[in-house]
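I opened this notebook page to record what I looked up, step by step, with the sequence and the structure side by side.

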Number of protein chains: 2
Amino acid sequence: MDVVSLLPEYETLTAFWSPKVVAEANGQLVKIAKVKGDFVWHDHEHEDELFMVLKGELHLEMEDRSVVLGPSSVFVVPKGVRHRPHCSEETWIVLFEPRSTAHTGKEETAMTRTLAEQYAQHAD
Amino acid sequence: MDVVSLLPEYETLTAFWSPKVVAEANGQLVKIAKVKGDFVWHDHEHEDELFMVLKGELHLEMEDRSVVLGPSSVFVVPKGVRHRPHCSEETWIVLFEPRSTAHTGKEETAMTRTLAEQYAQHAD
């Protein structure tokens, strides 16, 4: 692979909440996404999900608490924990998660992107 | 876990090339390190190693090529590929790698840190 400079990659994203795969290591995918507004409540039964924020502020609502991630912050939503990401301003996030992770867990919504769609953006 | 704000975490690091574990997901560790100067040539036989730079510029010399990572850049050194990280100015990096990854591969040097040492810094 070549070096991936993340900031220019965000400029290629045209839709919110639609991740783009930018790298892979040990069966884990690195994805970037521009997000704004509300995502759907969901969980990943078998996979922890690591969030990092590069720009903006991401809220992660969980059933028993909520956290806020500012720039250069990291948080792991443990497998099985229902969560709803949301933010009021455009926010740039990085996700690290196993290849097997379904975008919206078992929820099928208009926001759901297949892994193929997440790779397809990679061809931009 | 709580949200980890990475930039303040770097301020707690007192030695170059000595990683600190800051998060874990799916058996992968997130580590931060301040680096400056030359690290040792080594490889990880079974693990890919993902580097991200937050500040500064990291050079990764490999046997057949070299790459340079600027801020917000990502690169994966595939398993088995010998590499030598180096940089002339203080650089802040993030590593994502399996728990099993040995710091300097099979090389035992004065720079080598055990996983316990990488966790011990976490207690700061």
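**Entry 1, the model and its two copies.** I note at the outset that this is a predicted model. I superposed the chains and found that a rotation of 180 degrees, with 0.0 Å of shift along its axis, brings chain B onto chain A with an RMSD of 0.0 Å. The two copies are therefore related as by a two-fold rotation axis. I then looked up the contact residues, and 100% of those of chain B recur in chain A, so that the same surface serves both copies.

**Entry 2, the contact between the chains.** I looked up how many residues each side gives, and the contact takes 26 residues from chain B and 26 residues from chain A. On the side of chain B that touches chain A, the elements giving two or more residues include strand 1 (4-5), helix 1 (6-11), strand 2 (20-25) and strand 3 (28-38) of chain B. Strand 7 of chain B gives the most to this side, with four residues. Sorted by class, the side of chain B that touches chain A has 18 nonpolar, six polar and two charged residues.

I also looked for strand pairing across the two chains, and I found that strand 1 (residues 4-5) of chain A and strand 7 of chain B run antiparallel and are joined by two bridges. Within this pairing, S5(A) stands opposite S73(B) in strand 7 of chain B.

**Entry 3, strand 5 of chain B.** Which strands are joined to strand 5 of chain B? One is strand 6 (residues 66-69) of chain B, which runs antiparallel to strand 5 (residues 58-62) and is joined to it by four bridges. A hairpin leads from strand 5 of chain B to strand 6 of chain B through three residues, and L58(B) stands opposite L69(B) in strand 6. The other that I recorded is strand 8 (residues 83-98) of chain B, again antiparallel and again joined to strand 5 by four bridges. Here H83(B) in strand 8 of chain B is the bridge partner of M62(B).

I then listed the contacts of L50(A), leaving out residues up to four places away in sequence: L50(A) touches V74(A), V76(A), L95(A), F96(A) and E97(A), and from chain B it touches A23(B), A25(B) and V30(B).

Is E49(A) buried or exposed? E49(A), which lies in strand 4 (residues 49-55) of chain A, has 24 other C-beta atoms within 10 Å and is therefore buried, the cut-off for that being 20 or more. Beyond its neighbours within four places in sequence, E49(A) is in contact with H44(A), V76(A), V77(A), L95(A), E97(A) and T101(A). The C-alpha atoms of E49(A) and P78(A) are separated by 6.5 Å, although these residues are 29 residues apart along the chain.

For L115(A), placed in helix 2 (residues 115-120) of chain A, I counted 16 other C-beta atoms within 10 Å, so L115(A) is partly exposed. Its C-alpha atom and that of R99(A), 16 residues apart along the chain, are separated by 8.2 Å.

Key: Residues are numbered from 1 along each chain as its sequence is written. Chains are lettered from A and ligands numbered from 1 in the order in which they are written. This is a predicted model: local features need pLDDT of at least 70, side-chain atom pairs count only at pLDDT 80 or more; totals for chains, interfaces and linings use all residues. Two strands pair if DSSP finds at least two bridges between them. Copies are superposed by least squares on the C-alpha atoms of residues with pLDDT of at least 70 in both. Two residues are in contact if their C-beta atoms, placed from the backbone, lie within 7 Å. Ala, Val, Leu, Ile, Met, Phe, Trp, Tyr, Cys and Pro count as nonpolar, Asp, Glu, Lys and Arg as charged, and the others, Gly among them, as polar. A residue is buried if 20 or more other C-beta atoms lie within 10 Å of its own, exposed if 12 or fewer, and partly exposed in between; C-beta atoms are placed from the backbone.
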